Amino acid sequence: MARKNPKVEEVNEADIEVTGHPRSWAAGFPGVYHSMEPAITHMGAGRAGKTLLAMNQKDGFDCMSCAWPDPDHRKTFEFCENGAKAVTWEATPVLVGPEFWTENPVSELRKRSEYWLGMQGRLTAPVYKATGEDHYRPVSWDRAFTIIADKLKSLPSPDQATFYTSGRTSNEAAFLYQLFVRAYGTNNLPDCSNMCHESSGWGMGQTIGIGKATVSYDDYAKADLIIIMGQNPGTNHPRMLTALEECKESGGEIVAVNPLPEAGLRRYKNPQKVKGIIGHGTEIADQFLQIRLGGDMALLQAVSKRVLDAEAKNPGTVLDHAFLAEHCHGLEELKAHLAELDEAAVLEATGLRTEEIDELADRYLKAEKVIITWAMGITQHKKGVATIKEIINLLLLRGNIGKPGAGASPIRGHSNVQGDRTMGIWEQMPPSFLDALGKEFSFEPPREHGADAVETIRQMRDGGIKVFVGMGGNFVGAISDTQAAISAMEKTEMSVQVSTKLNRSHTVTGAEALILPTMGRTEIDLQESGPQFVSVEDTVCAVHGSHGAVPPVTPGLLSEVAILSRLAQKVVGDRVNADWAGFEKNYDLIRDHISRVVPGCEDYNGKIRQKGGFVLPNGPRDSRKFDTPMGKAMLTVNQLEHVERPAGTLILQSMRSHDQFNTTIYGNNDRYRGIKKGREVVFVSPEDLAELGISDGQHVDIHGVYQDNVERVLHNYRVVSYPTAAGCAAAYYPEANVLVPLDSVAEGSQTPVSKAVIVRLEPAKTFVPADVAAG
């Protein structure tokens with residue numbers, strides 16, 4: 001069944017095809033075709049059928065892409081196009097064999113694109129690059145663990161190592177990972193949440209006492225109004241469109257707030273319904289507010305002011321006074337603050353008309369049950385935390401938290417990134433968690449806060465962190481300020497990556513480097529005590545099991561749990577009271593410890609074996625209890641600040657194409673935006689092009705404009721005339737990360753500000769492939 005790595009051609013950006021016209025609907029038959037064709041082509045019909053039919057089923061495995069929740073009543077085809085692509089990418093029988101490392105020095109791999117690297121196939125054996133060498137060479141598992149352990153034990157301080165985590169890691173592996181790291185002696189546990197929803201955790205934690213969604217899957221169908229902010233469900237979490245369709249069919253309304261018109265928020269053709277294949281489908285957004293980048297905070301304040309004004313005109317009829325009196329604090333301060341809100345400043349910040357804001361306010365006022373849902377278009381701003389606090393303000397005014405069909409719903413874009421945090425993957429876990437962990441394993445965990453993702457780059461750059469260990473993910477590819485990240489990683493003494501497939505982070509290394517191949521979520525995990533399963537948590541706090549469906553692509557692969565167990569034995573041994581060898585044999589032993597350490601996970605082994613799993617407790621959702629210092633939900637005062645755009649510049653956001661998930665590139669097309677055979681494009685409105693004197697199709701250099709005077713440039717990008725918000729532009733992630741300064745972060749959360757980058761477009765002197773220009 002296994003196949004050798006194929007000949008994959010790099011994309012030639014000179015061949016790019018651009019229609020320039022965004023699609024007006026998402027999914028339908030093309031969604032089915034683009035799901036099944038690559039799955040059958042790359043995996044074969046048998047393996048494709050076994051994996052896709054098991055995905056997101058109650059006895060199957062959890063999709064490794066987004067964290068969208070599953071309905072109680074599952075369909076036979078409980079997956080979307082992006083999920084099918086993710087499974088195809090992971091479960092491919094194409095393998096990276098030992099000859100690959102002989103033929104491909106690291107310096108040459110570094111010139112390759114993320115797409116090419118990922119298409120080489122599954123990693124099969126540990127490899128090691130020694131100091132001064134340009135090739136990875138196969139080594140035994142025991143030799144790999146010994147090299148890592150010797151290095152970690154040689155460091156003068158455990159804080160000179162950092163341990164990154166991707167959201168694809170299971171709860172069991174995440175719990176074991178943080179135990180190993182804290183037993184080693186540090187809280188340096190950066191994770192991918194630092195770069196995406198950290199602002200959600202901070203904003204919600206400070207206002208309602210929990211950084212998680214206060215809704216369930218079923219609440220979407222019960223809502224009178226859903227306000228969708230800063231996200232593109234049709235590409236990033238397509239199964240959400242089914243829940244939005246259920247809302248519309250139940251009589252609810254939907255408002256989309258986004259700088260770009262997105263196909264999935266316009267019309268949805270559900271491929272599992274006849275009308276989705278041959279009919280018109282369902283119109284999704286009743287109102288589309290094409291907001292200026294960074295204007296969401298001003299919009300939310302303006303709507304809250306209109307709610308307060310309506311209450312002033314009709315006292316006792318608009319606000320939920322009983323809820324506010326019993327459960328909330330800060331109403332009078334908020335009233336006084338919003339009374340001074342400058343409408344002209346709101347219109348400038350949002351780029352909207354007064355009538356559009358009035359319409360949104362009217363929809364909110366007539367709705368009894370409202371959900372506000374958001375993603376990185378909100379969190380990755382300087383005022384991301386404050387904007388989320390304004391979301392909470394608006395919900396609290398009319399009691400839209402803690403009742404069916406209403407609540408706050410951050411959409412986690414990566415499977416189990418929320419579960420990782422629940423299991424202790426955070427550089428700032430509270431004392432109560434550390435107390436329970438120390439008691440359970442008879443040791444004193446470190447208490448000083450560790451380094452997050454951005455701080456990790458700073459410390460590697462400055463020599464404070466000398467060893468980087470990555471459990472999944474693509475840290476160099478995902479983090480902001482690409483050149484700074486590359487330089488920082490190159491200054492480390494050792495880098496270690498636990499991965500299923502190649503990515504950029506395997507080509508940018510420390511002096512020494514190792515790659516440890518691991519099993520994927522799709523694969524049957526057979527250990528000494530029998531087949532094992534793992535568990536994950538979705539975006540609405542539901543925890544369920546994940547069971548592999550197909551044999552591993554090659555013998556000798558280790559699971560993440562096995563890798564961590566063996567490494568921990570080598571590094572910390574009996575320093576803590578942990579049965580490392582037993583954990584690898586039987587994952588129930590890990591879950592027994594979870595049940596005594598992690599709040600809400602009592603009797604974890606029993607609960608996780610229930611059909612469909614269980615739901616973690618959530619005070620705001622379950623009983624309107626708010627774990628804040630005052631014991632109440634906090635209405636907050638936040639100073640309005642919009643993104644300034646100097647003359648001759650644009651505000652640029654990074655975003656995904658339809659053929660990718662995070663930094664993983666499945667293909668070089670973005671069919672909903674009319675882009676084929678390329679990624680090096682910048683989307684700009686026709687009005688802005690006319691103002692700047694730039695033509696559609698022209699090639700430009702995109703210069704970042706930031707006060708540190710560091711040159712950050714993307715060369716030779718094709719301009720695409722596109723209906724973006726005025727003054728705004730967009731380019732694909734992760735390529736656009738080079739433009740995001742390391743120190744440009746959200747206040748409070750340190751999330752990179754990837755959605756508000758000031759740029760200047762200059763005509764490219766000559767058109768050459770961007771990889772040549774970068775080299």
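Which residues in H8 meet Ile-590, Arg-591, His-593, Ile-594 and Val-597 in H28? They are Asn-171, Glu-172, Phe-175 and Leu-176. This is a predicted model, in which local features need pLDDT of at least 70, side-chain atom pairs count only at pLDDT 80 or more, and totals for chains, interfaces and linings use all residues. Residues are numbered from 1 along each chain as its sequence is written, and side-chain values use heavy atoms, with hydrogens and water left out.

**Overall form**

- The protein has 32 helices and 34 strands. Both are DSSP runs numbered from the N terminus: helices are H or I with at least four residues, strands are E with at least two.
- The radius of gyration is 25 Å, close to the 28 Å that the globule rule gives for 775 residues, so the protein is as compact as a globular protein of that length. The radius is taken over C-alpha atoms, and the rule is 2.2 Å times the number of residues to the power 0.38.
- Along its principal axes, the C-alpha trace spans about 75 × 65 × 55 Å.

**Helix pairs**

- Two packed helices are described by the angle between their axes and the distance between the axes. Axes here are lines fitted to C-alpha atoms, for helices over the stretch in contact, and angles run from 0 to 180 degrees between N-to-C directions.
- Helix H8 (residues 171–184) and helix H28 (residues 588–597) have axes that come within 10 Å and cross at roughly 70 degrees. That makes H8 roughly perpendicular to H28. Angles under 35 degrees count as roughly parallel, over 145 as roughly antiparallel, 65 to 115 as roughly perpendicular and the rest as oblique.
- The contact of H8 with H28 has five nonpolar, two polar and two charged residues. Contact means heavy atoms within 4.5 Å. Ala, Val, Leu, Ile, Met, Phe, Trp, Tyr, Cys and Pro count as nonpolar, Asp, Glu, Lys and Arg as charged, and the others, Gly among them, as polar.
- Helix H7 (residues 141–154) and helix H26 (residues 560–571) cross at roughly 50 degrees, with axes that come within 9 Å. H7 is therefore oblique to H26. Their crossing is right-handed. A crossing is left-handed if the near helix is turned anticlockwise from the far one by less than a right angle, and right-handed if clockwise.
- On the H7 side, the contact is made by Trp-141, Asp-142, Phe-145, Thr-146, Ile-148, Ala-149, Leu-152 and Lys-153. H26 brings Ile-563, Arg-566, Leu-567, Lys-570 and Val-571. By class, the contact of H7 with H26 has eight nonpolar, one polar and four charged residues.
- Helix H14 (residues 296–313) and helix H17 (residues 343–350) have axes that come within 9 Å and cross at roughly 140 degrees. H14 and H17 are therefore oblique to each other. H14 passes H17 in a left-handed crossing.
- Ala-298, Leu-299, Ala-302 and Arg-306 of H14 make this contact with Glu-343, Val-346, Ala-349 and Thr-350 of H17. The residues of the contact of H14 with H17 divide into five nonpolar, one polar and two charged.

**Sheets**

- An open sheet of five strands runs in the order E13-E10-E9-E15-E16, with parallel pairing. Two strands pair if DSSP finds at least two bridges between them.
- Strand E13 (287–289) and strand E16 (407–410) stand at the edges of this sheet, each with a single partner strand, so one side of each is left without a neighbour in the sheet. The twist averages 15 degrees from one strand to the next.
- Four bridges join strand E15 (residues 370–374) to E16, and the two run parallel. The bridge partner of Thr-373 in E16 is Ser-409.
- Helix H18 (residues 354–366) packs on the sheet. H18 touches strand E9 (225–229), strand E10 (253–257), E13 and E15, and its direction makes about 130 degrees with that of E13.
- Three strands form another open sheet in the order E3-E11-E12, with mixed pairing. E3 pairs with strand E11 (residues 267–269) in the parallel sense over two bridges. Ala-27 stands opposite Lys-269 in E11.

**Backbone details**

- Most residues other than glycine have a negative phi, and most peptide bonds are trans.
- The peptide bond from Tyr-733 to Pro-734 is cis, with omega near 5 degrees. Pro-734 lies in the loop between strand E33 (728–732) and strand E34 (757–763).
- Asn-416 is a residue other than glycine with a positive phi, near 70 degrees. Asn-416 is found in the loop between E16 and helix H21 (417–422).
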